[in-house]
Amino acid sequence: MSDGRAVLVSGATGLVGGRLVPALLSEGRPVRVLSRDPGRAGAGRPGTNVFAWDGLRWPAEALGALDAVVHLAGEPVFGGLLTAARRRRIRESRVESTKALVEAIAELPAASRPKTFVCASAVGFYGDRGDEILEEASPHGSGFLADVCVDWEAATKPALDLGLRVVNLRIGIVFAREGGALALMAVPFRFGAGGPLGDGRQWVPWIHADDLVRMLQLALADEAIAGPMNGVAPEPVRNEVLTQALARQLHRPALLRAPAFALKLALGEIATELLGSRRCVPRLALARGFSFVHAALESALACELG
Ligand SMILES: NC(=O)c1ccc[n+]([C@@H]2O[C@H](COP(=O)([O-])OP(=O)(O)OC[C@H]3O[C@@H](n4cnc5c(N)ncnc54)[C@H](OP(=O)(O)O)[C@@H]3O)[C@@H](O)[C@H]2O)c1
């Protein structure tokens, strides 16, 4: 239960944070946000206390007397070719910032440490797994994103020794009209050039943004939740099914298949992440009684694209 102390949210200006912050405020929770651009962050988020940071060093004044930290910040993964510099930024903004947070919390007197630490992770943890059903207990896979996620989750572990409850939310593809994967996926359809990626057989673990926010709220409130938690809808779909559903929603054809080799040529290594198959299910959330508003794909797409 919340004790009236604040929740600190990093990445509050992002796709997920942008919906999480108002939801926390409407629960009556005081919210502090961290941003590399505090002016922009404050303008869009009345009712929050905004703190500047550099994406790595957590300002001590933001950390005192917190109930919880939700760490969502990170260099966008699908923001261009995976150059060495981008790989470094993707990793550092997640793994090193998490290590820095735990170190900063360790400096606090025990009584003023937050009780709960919810750290984003991603379904990328599982790598490319064909038709295997992936629950929280499933082992990690391989590849760049899997390695980042493994290290990102490992960086939270020392927080357990400090007495915090830690939740590693392995987030799926978030569907939101503001941007992210759904907006990108919709572009070729709008030009009549939509179609399955590769052979279209890969499983896509998606989640509606509002359900993800409610899952984050559950992770903050339910003291029985700890460790990895899949942040996905209960019905992952194959890419070809998603493609057809997008085409129906946008009233456009889905005729143009994007062959795997062309994707790899155009996008480089990040294409393997789009072509990878992850049949993730939200075992823990369902076990804790979570009920989805958008359990079905058509409902999620209609809500965000309709
Ligand atoms: N959206 C998805 O489909 C999805 C799927 C799986 C996992 N996730 C994970 O969930 C978390 C939140 O996702 P999101 O979609 O809300 O992310 P997002 O929209 O890309 O926003 C993340 C925020 O992180 C901050 N940020 C960006 N680059 C940074 C850097 N180099 N160093 C430090 N901070 C940086 C930015 O805040 P400021 O500019 O205000 O500092 C940004 O608003 C991310 O860690 C992401 O990897 C998301």
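**Close-up views of a predicted model**

View 1. Residues are numbered from 1 along each chain as its sequence is written, and side-chain values use heavy atoms, with hydrogens and water left out. Helix α4 (residues 84-107) contains serine 97; helices (H or I, at least four residues) and strands (E, at least two) are DSSP runs numbered from the N terminus. Leaving aside residues up to four places away in sequence, serine 97 touches Trp53, Gly55, Leu56, Trp58, His71 and Glu92 (contact means heavy atoms within 4.5 Å).

**View 2. Aromatic pairs.** Rings of Phe, Tyr and Trp (its six-membered ring) pair if their centres lie within 6.5 Å; planes under 30 degrees apart count as stacked, over 60 as edge-to-face and the rest as tilted. The count by this rule is four aromatic pairs. One of them is edge-to-face, because the rings of phenylalanine 125 and tyrosine 126 have centres 5.2 Å apart and planes at 85°. Phenylalanine 125 is buried at 7% relative accessible area, and tyrosine 126 is buried at 0%. The rings of phenylalanine 290 and phenylalanine 292 have planes at 85° and centres 4.8 Å apart, so this pair is edge-to-face. Phenylalanine 290 and phenylalanine 292 are both buried.

**View 3. Arginines over rings.** Arginine 170 lies over the face of phenylalanine 125, 3.6 Å from the ring centre (the rule requires NZ of Lys or CZ of Arg within 6 Å of the ring centre and within 35 degrees of the ring normal). The charged end of arginine 94 sits over the ring of tryptophan 152, at 5.2 Å from its centre.

**View 4. The ligand and its shell.** The ligand is surrounded by 24 residues, the closest being Thr13, Leu15, Val16, Ser35 and Arg94 (a residue is near if one of its heavy atoms lies within 4 Å). Oxygen atoms of the ligand lie 2.6 Å from a polar side-chain atom of threonine 13, 3.0 Å from a polar backbone atom of leucine 72 and 2.9 Å from a backbone N or O atom of valine 174. The protein buries 84% of the 890 Å² that the ligand exposes when taken alone (Shrake-Rupley method, 1.4 Å probe). Two or more residues of the shell come from each of α1 (15-26), α4, β5 (116-122) and β8 (173-175); β5 gives the most, with three residues.

Key: Predicted model: local features only at pLDDT ≥ 70, side-chain atom pairs only at ≥ 80, totals over all residues. Buried < 20%, exposed > 50% of the residue type's maximum accessible area, 1.4 Å probe, protein only. Polar contact = N/O pair within 3.5 Å; in protein donor to acceptor, adjacent residues only side chain to side chain.
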